[in-house]
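Here is a walk through one protein model, taken step by step. Please keep the sequence and the 3D view open while reading.

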Amino acid sequence: MAAAAAPALKRSETMAGTMPDALRESRYHMKRCFAKFVEKGKRLMKLSHILDEIDRTIGDETEREEVMSGLLGFILRTTQEAAVLPPYVAFATRPNPGSWEYVKVNSADLAVEGITPTEYLKFKEMIVDEDWAKDENSLEVDFGAMDYSVPSLTLSSSIGNGTSFISKFITSSLHGGTSGAQPIVDYLLSLYHNGEKLMINENLNTAPKLQAALIVAEAALWTLPHDMPYLSFEQRFKQWGFEKGWGDTAERVRETMRSLSEILQAPDPSNMEKFFGRLPIVFNVVCFSVHGYFGQSDVLGLPDTGGQVVYVLDQVVALEEELLLRIKQQGLNVKPQILVVTRLIPDAKGTKCDQQFEPIAKTKHSYILRVPFMTESGVLQQWVSRFDIYPYLERFTQDAADQIIQIMEGKPDLIIGNYTDGNLVAALMANKLGITLGTIAHALEKTKYEDSDLRWKELDPKYHFSCQFTADTIAMNAADFIITSSYQEIAGSKDKPGQYESHGAFTLPGLCRVVSGINVFDPKFNIVPPGADQSVCFPYTEQRKRFTSFRPALEELLYSKEDNDEHIGYLEDKRKPILFSMARLDAVKNISGLTEWYGKNKRLRSMVNLVVVAGFFDSSKSKDREEAAEIEKMHSLIKKYQLKGQIRWIAAQTNRQRNGELYRLIADTRGAFVQPALYEAFGLTVIEAMNCGLPTFATIKGGPAEIVVDGVSGFHIDPDNGDEAANKIADFFQKCKEDPEHWNRMSKGGLQRIYECFTWKIYAKRVLNMSCIYGFWRQLNKDQKLAKQRYIQIFYNLLFRNLAKDILSKEVKRVGSSRREAKQAAKEQAKTEPSQSIKRTPSRLQRLFGA
């Protein structure tokens, strides 16, 4: 007999409408449960707390199972959290990814009432700041109020397919005849480059004129050789109203014109995307990546410097390659320019981060432009944590904009931001110059720390989340399109909200209540996974390409028994395969978790060695708050599980080519790669390992779950269940012992998955297509865009600027106090030891500001 379908809500049903009947069916048990919920007074309950209370209250397992297997169980399991304010319990439910409903239940009589996001947020605020929650003048932010005229997706499964949705919507608007097509004509008329007209001139200023001219031009093109250069018939076409940009040959021009003719006569979404992808719109691109040490060598592993740097550099190489191809095919004699704009750091720690201008390898027209942070005392000399960077960004934007316009001799055509700081700077500059804006979050911090919005006052001295969440919300709403690496990054999974989704409705009690931060059904969201540099990360079987010059150093790195500044620990049995991981050493990356899984699993330890590349070994030398704690934890785990002879801990490696060969060397041992993160937005190391043919175990928490097809191109592991993960890895190596071909099958499966879905060539095509179609979308919705920009500007000026200034003023006060204490201590020491000279260490602010 077939199993009964799991209970679920129909699309027409609501939680508020369904919950009363569901509670009525189990009224006796629910009365007792809700009494337990409110028994402890005001509190915020997570789903695990709710289920624990139900387990304790309904003691009979059969009765409990009966309650939880019905519709009530479904409703309770969709609950993300519940704010308890006796006698009420307010539930935040999530029936589907991206979709939220809020209800409150009176524990006395189980009466149910639907509530608004605002009302629910006030319930939460009452737990931590009752006065502010009741204040009628509390700042309330509603970005959704500005989106009333913008269409949005409706199905959770469609989230992240923004370009496709936009193309369909534009197509539907063109069915109104020639008047509906006029916006396309107007857009083509607006296309210029360096003062030169492109595509059409004023002779074709209406849709009927353009359609008629296209018929004449297409007829003429059929009489020409396919490969005839555009220059040969340029003057003839100019008389008909056509300018450069249609193509480099007669065949290419005819294809582009045919595409536009079909759009004007019988609009089709796929044809729409194809046509906009051919338009000569993007020549000059600016990418912002501000924090950390941004460079091409010797930077990886330095504070705040990881996969994002690799991502941006590989992105630029791919974008330039695609731009050069497109410009050639458009029949234009134009050189593209790409600038990666980052911070210039005079105290560069041996890197090139103190150089203003640096050509990017493997490109001809792309450069790193470094702009310093400025203070009242001059250039800021030293690195600043990504959590402390906000006071410098507004001035940085102004200085960067001036240099960019000077270098490019005009405005860029596309701006792409990276991470919170880069996205904010990109948003400020794009707004100022009127440029199409794309943003990439990489990793939003909000979901990394539980209740980080509600607890912001507690966390702000350390992380400045008030600034970060505000900056993220500004950039998301300012963006014309948002590039994400995975669905989970936007809307999470069935059980867990996505990073962007967590910004839908949240509160910072005492500061602001964001009732609508971002809507994940907005068509600006697009899933565009990156690739890996295939000149560096290629299969271990391609022996002729391998970087053999690194082999002696890598052999020493893995197998020598001497501890030094680059590695500690050793591998007693070199014949064992290597279980390998490489990441920053912070809590979320979970390298210490992997070490513990390995230490506890005797079967796994008997079959493989463990090698991790992460951070460094002396916690006292770490400037990163989390890294220092993780270093201490790693040392204690190695001691606790007596891993001597089975683990090699290697310090962070910054040479990308050597890292590529390291992956392949691990593959030579018939080893495997593990990405054990508690959450990972995408997982570039997963892509790199699979590119090298290394079987891969990837966390189910985030993007890696979408890269790997479990059991086909790798394996999924749950970082919250370390024992299960360790056993799954052990099972793989056991099967490889029994069937050596099993390792080969998984290696080849990973490579096939990469080639089909995760290359930089695919990425670059999609991003440039998006920039073209969203540029047109921006023009179509210019009034709504302007209204939203004004709202963003108010939010920025009213809130963010003051928060950023506050960071600096608090630091000044803190350091001033420290200096006074130091002076007093020096005086006391001088009294007791008058003959000794006193050498004082400069304070942090002195070092930063040169005081």
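**Sheets, helices and rings**

Strand 25 (residues 672-675) and strand 26 run parallel and are joined by three bridges. Within this pairing, Phe673 has Thr696 of strand 26 as its bridge partner. The model shown is a predicted one. Strands of a sheet pair through backbone hydrogen bonds, and the pairing is either parallel or antiparallel.

Both strands belong to an open sheet of seven strands, whose order is 21-24-23-22-25-26-27 and whose pairing is mixed. At its edges are strand 21 (567-568) and strand 27 (715-717), each of which pairs on one side only.

Helices lie against these strands. Helix 24 (residues 656-668) lies across strand 22 (578-582), strand 23 (609-613) and strand 25, and runs at about 155° to strand 22. Helix 27 also packs on the sheet, where it touches strand 22, strand 25, strand 26 and strand 27. The direction of helix 27 makes about 155° with that of strand 27.

A ring contact also links helix 27 to strand 26. To read it, note that a pair of aromatic rings is described by the distance of the centres and the angle of the planes. Phe697 and Phe732 form an edge-to-face pair, with 5.5 Å from centre to centre and 75° between the planes. Phe697 lies in strand 26 (residues 696-699) and Phe732 lies in helix 27 (residues 722-738), so the pair ties together parts that are 35 residues apart in sequence.

The structure holds 46 aromatic pairs. Another of them is formed by Phe34 and Phe37, which are edge-to-face at 5.1 Å centre to centre, with 65° between the planes. Here the two residues are in one helix: they are three residues apart in helix 2 (residues 27-39), and therefore separated by about one helical turn. Both Phe34 and Phe37 are buried. Aromatic residues can also gather in a group, as Tyr230, Phe233, Phe237, Trp240, Phe242 and Trp246 do in forming one aromatic cluster.

Rings can meet charges too. The charged end of Lys104 sits over the ring of Tyr88, 4.6 Å from the ring centre. Lys197 lies over the face of Tyr192, at 4.7 Å from the centre of that ring.

Strand 6 pairs with strand 19 (residues 512-516) in the parallel sense over three bridges, and Asp142 stands opposite Ser516 in strand 19.

Helix 18 is mostly covered, with 14 of its 14 residues buried.

The last stop is Arg551, in helix 20 (residues 551-559). Arg551 is partly exposed, with a relative accessible area of 28%. Leaving aside residues up to four places away in sequence, Arg551 touches Arg546, Glu661, Leu665 and Asp668.

Terms used: Residues are numbered from 1 along each chain as its sequence is written. This is a predicted model: local features need pLDDT of at least 70, side-chain atom pairs count only at pLDDT 80 or more; totals for chains, interfaces and linings use all residues. Side-chain values use heavy atoms; hydrogens and water are left out. Rings of Phe, Tyr and Trp (its six-membered ring) pair if their centres lie within 6.5 Å; planes under 30 degrees apart count as stacked, over 60 as edge-to-face and the rest as tilted. Helices (H or I, at least four residues) and strands (E, at least two) are DSSP runs, numbered from the N terminus. Buried means under 20% relative accessible area, exposed over 50%, partly exposed in between (1.4 Å probe, protein chains only). A charge sits over a ring if NZ of Lys or CZ of Arg is within 6 Å of the ring centre and within 35 degrees of the ring normal. Contact means heavy atoms within 4.5 Å. Two strands pair if DSSP finds at least two bridges between them. Axes are lines fitted to C-alpha atoms, for helices over the stretch in contact, and angles run from 0 to 180 degrees between N-to-C directions.
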